[in-house]
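Please look through the sequence and the structure shown here before reading on.

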Amino acid sequence: LNRLYREESALHFYEFTPDGFEWLDCQSANDSVLAYIRKGKTAEDQLVVCCNFTPVVRHDHRVGVPQGGWYREVFNSDSQHYAGSNVGTYPGAMADPIEWHGRPWSIKINLPPLGVAVFKPEP
């Protein structure tokens with residue numbers, strides 16, 4: 001996690017200003033899921049962060065994203081590397097032209113139980 005923080009300016013460039021944060025989904029109280037974007041130095045430098053606050057796996061959970069393309073899973077707190085159950089969306093997901101959360105594109109992911117998954121759009 002510290003390596004990800006150092007390598008991804010989206011996690012620290014706008015650390016103390018609202019310019020580096022944008023909600024994607026803060027309305028899923030029934031599912032206890034939150035999703036947001038962290039922004040870095042450039043418009044291309046973004047991360048999509050998805051959090052599941054329940055012990056239930058969220059299979060095929062759709063999240064709105066700002067652009068089309070491939071979203072690589074760069075962090076999964078439930079990975080076997082952290083002694084987790086390895087539920088996730090490795091190696092990533094292709095964005096579909098399906099409007100979701102007010103965004104023109106969306107990805108379908110598997111959210112780990114009591115976990116966080118982070119995705120990075122690739123050109």
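## Strand β5 and its partners

In this predicted model, five of the seven residues of β5 are buried, so this strand is largely enclosed by the rest of the structure. β5 pairs with β6 in the antiparallel sense over three bridges, and within that pairing Tyr71 stands opposite Ala93 in β6.

β5 also pairs with strand β8, which covers residues 115–122, again in the antiparallel sense and over six bridges; here Asn76 stands opposite Ala117 in β8.

## The sheet as a whole

Six strands make up an open sheet with antiparallel pairing, and their order across the sheet is β1-β2-β3-β8-β5-β6. The edges are taken by β1 (21–28) and β6 (92–94), each of which has a single partner strand, so one side of each is left without a neighbour in the sheet. On average, and with direction ignored, neighbouring strands of this sheet are turned by 20° against each other.

Elsewhere in the sheet, strand β2 (residues 33–39) runs antiparallel to strand β3 (residues 46–52), and seven bridges join the two. Arg38 stands opposite Leu47 in β3.

The loop between β5 (70–76) and β6 holds Asp78, a residue that is buried yet has no salt bridge, since the nearest side chain of opposite charge, that of Arg58, is 13 Å away. When residues up to four places away in sequence are not counted, Asp78 touches Gly84, Ser85, Asn86, Val87, Pro112 and Pro113.

Terms used:
Residues numbered from 1 in each chain as written. Predicted model: local features only at pLDDT ≥ 70, side-chain atom pairs only at ≥ 80, totals over all residues. Heavy atoms only, no water. Pairing = 2+ DSSP bridges. Helix = DSSP H or I, 4+ residues; strand = E, 2+ residues; numbered from the N terminus. Axes fitted to C-alpha atoms, helices over the stretch in contact; angles between N-to-C directions. Buried < 20%, exposed > 50% of the residue type's maximum accessible area, 1.4 Å probe, protein only. Lys, Arg positive; Asp, Glu negative; His and termini not counted. Salt bridge = Lys/Arg side-chain N within 4 Å of Asp/Glu carboxyl O. Contact = heavy atoms within 4.5 Å.
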